[in-house]
Amino acid sequence: MADKLRVTLVKSTIGAIPKHKKTVAALGLKKLNKTVELPDNESVRGMVRQVRHLVKVEEI
């Protein structure tokens, strides 16, 4: 397992269900094509799995 994940918002949350919008916001993503680096743990991976159709993930 890597020690960090690079998560990029690649699809807009307009039209997404409210739970997914809140999950994207909780990940720290506000604008399209913005990237955040998050620790690689089970809680972050679960959040990313929930919105995998909206984000791109890289292990670093």
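Trainee: Where does Asn 41 lie?

Mentor: Asn 41 sits in the loop that leads from E2 to helix H2 (42-50). The labels follow DSSP runs numbered from the N terminus, where a helix (H or I) needs at least four residues and a strand (E) at least two.

Trainee: What kind of model is this, and how are residues numbered?

Mentor: This is a predicted model, in which local features need pLDDT of at least 70 and side-chain atom pairs count only at pLDDT 80 or more, while totals for chains, interfaces and linings use all residues. Residues are numbered from 1 along each chain as its sequence is written, and side-chain values use heavy atoms, with hydrogens and water left out.

Trainee: Back to Asn 41, then. How accessible is Asn 41?

Mentor: Asn 41 counts as partly exposed because its relative accessibility is 30%. Buried means under 20% relative accessible area, exposed means over 50%, and partly exposed lies in between (1.4 Å probe, protein chains only).

Trainee: How far apart are Asn 41 and Asp 3 in space?

Mentor: Their C-alpha atoms are 8.2 Å apart, although Asn 41 and Asp 3 are separated by 38 residues in sequence.

Trainee: Let us turn to the strands. How many bridges join E1 to E2, and do they run parallel or antiparallel?

Mentor: Strand E1 (residues 4-9) is joined to E2 by five bridges, and the two run antiparallel. Two strands pair if DSSP finds at least two bridges between them. As an example, Leu 5 has Leu 38 as its bridge partner in E2.

Trainee: And which way does E3 run against E1?

Mentor: E1 and strand E3 (residues 55-59) run antiparallel, with five bridges joining them. Here Thr 8 has Lys 56 as its bridge partner in E3.

Trainee: How many residues are in the largest nonpolar core?

Mentor: The largest nonpolar core has 13 residues, and those with the most contacts inside it are Val 7, Leu 27, Leu 29 and Val 55. The elements giving two or more residues to this core are E1, E2 and H2, and E1 gives the most, with three residues. A nonpolar core is a set of buried Ala, Val, Leu, Ile, Met, Phe, Trp, Tyr and Cys residues joined through side-chain atoms within 4.5 Å.

Trainee: What is Val 55 in contact with?

Mentor: Neighbours within four places in sequence aside, Val 55 is in contact with Val 7, Thr 8, Leu 9, Val 10, Leu 29 and Val 48. Contact means heavy atoms within 4.5 Å.

Trainee: What about helix H1: are His 20 and Thr 23 buried or exposed?

Mentor: His 20 lies in helix H1 and is buried, because its relative accessible area is 15%. Thr 23 also belongs to helix H1 and is buried, with a relative accessible area of 9%.

Trainee: Which residues does each of them touch?

Mentor: Not counting residues up to four places away in sequence, His 20 touches Gln 50, Val 51 and His 53.

Trainee: One last topic. What phi does Asn 33 have?

Mentor: Asn 33 has a positive phi of about 65 degrees, although it is not a glycine. Most residues other than glycine have a negative phi. Asn 33 is found in the loop between helix H1 (18-26) and strand E2 (35-39).

Trainee: Is Asn 33 buried or exposed there?

Mentor: Asn 33 is exposed, because its relative accessible area is 54%.
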